[in-house]
Amino acid sequence: MADRILIVDDAAFMRMMIKDILIKNGFHVVGEAEDGLEAVEKYKELTPDLVTMDITMPEMDGITALKQILEVNSGAKIIMCSAMGQQAMVIDAIQAGAKDFIVKPFQSDRVIEAIQKALN
């Protein structure tokens, strides 16, 4: 069975880019969310194998959502997505429990590598 992935990003274009990379590589996108609040709700509802999470979003940022998802499931696998120059936030995310991070604009081989590493 294909790994089930939830994509979280406030930009529809970014969600579409990641979704395209994932589907081409045999992953199953079970849902999308556009902010951290929606991400936590969708995580509880869909129980995906992995979440790709943007850091900077309205309502609730990715790091807060990461922490809340880990409270729901301490074994949750979450990969943070950040724009260039957000190193401090990436470090915070890893310390908070993220498995890895990928930098925008996305390189499809790096996205797949991070996801496979997190899932195995």
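Colleague: Buried means under 20% relative accessible area. On that cut-off, is Asp100 buried or exposed?

Modeller: The model is a predicted one. In it, Asp100 has a relative accessibility of 6%, so it counts as buried.

Colleague: In which strand does Asp100 lie?

Modeller: Asp100 lies in strand β5, which covers residues 100-104.

Colleague: Which side chains make polar contacts with that of Asp100?

Modeller: The side chain of Arg110 is joined to that of Asp100 by a polar contact of 3.0 Å. The side chain of Lys117 makes a polar contact with Asp100 as well, at 3.4 Å.

Colleague: And which residues does Asp100 touch, not counting those up to four places away in sequence?

Modeller: With that exclusion, Asp100 touches Ile78, Ile79, Met80, Ile94, Arg110, Ala114 and Lys117.

Colleague: What about Phe101: which residues does it touch?

Modeller: Phe101 is also placed in strand β5. Leaving out residues up to four places away in sequence, it touches Ile79, Met80, Val90, Ile94 and Arg110. Phe101 has a relative accessible area of 29%, so it is partly exposed.

Colleague: How far apart are Phe101 and Gly36, in sequence and in space?

Modeller: They are 65 residues apart in sequence, and their C-alpha atoms are 16 Å apart.

Colleague: Turning to α2, then. Which of its residues are buried?

Modeller: Helix α2 spans residues 36-46, and its buried residues are Gly36, Ala39, Val40, Tyr43 and Leu46. These residues are on the same side of α2, because they cover an arc of only 150° around the axis. An α-helix has 3.6 residues a turn, so residues three or four places apart point the same way.

Colleague: What do the buried residues of α2 pack against?

Modeller: They pack against the strands β1 (4-8), β2 (28-33) and β3 (50-54), and against helix α3.

Colleague: Which residue caps the N-terminal end of α2?

Modeller: Asp35 does, with a side-chain oxygen 3.0 Å from the backbone nitrogen of Leu37.

Colleague: And what follows α2?

Modeller: The helix is followed by Thr47, which is in the loop between α2 and β3. Thr47 is not a glycine, yet it has a positive phi of about 40°. With a relative accessibility of 49%, Thr47 counts as partly exposed.

Colleague: What is the phi of Glu59?

Modeller: Glu59 has a phi near 65°, which is likewise positive in a residue other than glycine. Glu59 is in the loop between β3 and α3. Its relative accessible area is 65%, so Glu59 is exposed.

Colleague: A word on helix packing. At what angle do α3 and α4 pack?

Modeller: Helix α3 (residues 62-72) and helix α4 (residues 87-96) pack at about 5°, and their axes are 10 Å apart. The two helices are therefore roughly parallel to each other.

Colleague: Which residues make the contact?

Modeller: From α3 they are Ile63, Leu66, Lys67 and Leu70, and from α4 they are Met89, Asp92, Ala93 and Ala96. Six of the contact residues are nonpolar, two are charged and none is polar.

Colleague: One last item, the backbone. Is the peptide bond from Lys104 to Pro105 cis or trans?

Modeller: That bond, from Lys104 to Pro105, is cis, with omega near -5°. Pro105 is in the loop between β5 and α5 (108-119).

Technical notes
Residues are numbered from 1 along each chain as its sequence is written. This is a predicted model: local features need pLDDT of at least 70, side-chain atom pairs count only at pLDDT 80 or more; totals for chains, interfaces and linings use all residues. Side-chain values use heavy atoms; hydrogens and water are left out. Axes are lines fitted to C-alpha atoms, for helices over the stretch in contact, and angles run from 0 to 180 degrees between N-to-C directions. Helices (H or I, at least four residues) and strands (E, at least two) are DSSP runs, numbered from the N terminus. Angles under 35 degrees count as roughly parallel, over 145 as roughly antiparallel, 65 to 115 as roughly perpendicular and the rest as oblique. Contact means heavy atoms within 4.5 Å. Ala, Val, Leu, Ile, Met, Phe, Trp, Tyr, Cys and Pro count as nonpolar, Asp, Glu, Lys and Arg as charged, and the others, Gly among them, as polar. Buried means under 20% relative accessible area, exposed over 50%, partly exposed in between (1.4 Å probe, protein chains only). The arc is that of the directions from the helix axis to the C-beta atoms. A polar contact is a pair of N or O atoms within 3.5 Å; within protein, one must be able to donate a hydrogen and the other to accept it, and residues adjacent in sequence count only if both atoms are side-chain atoms.
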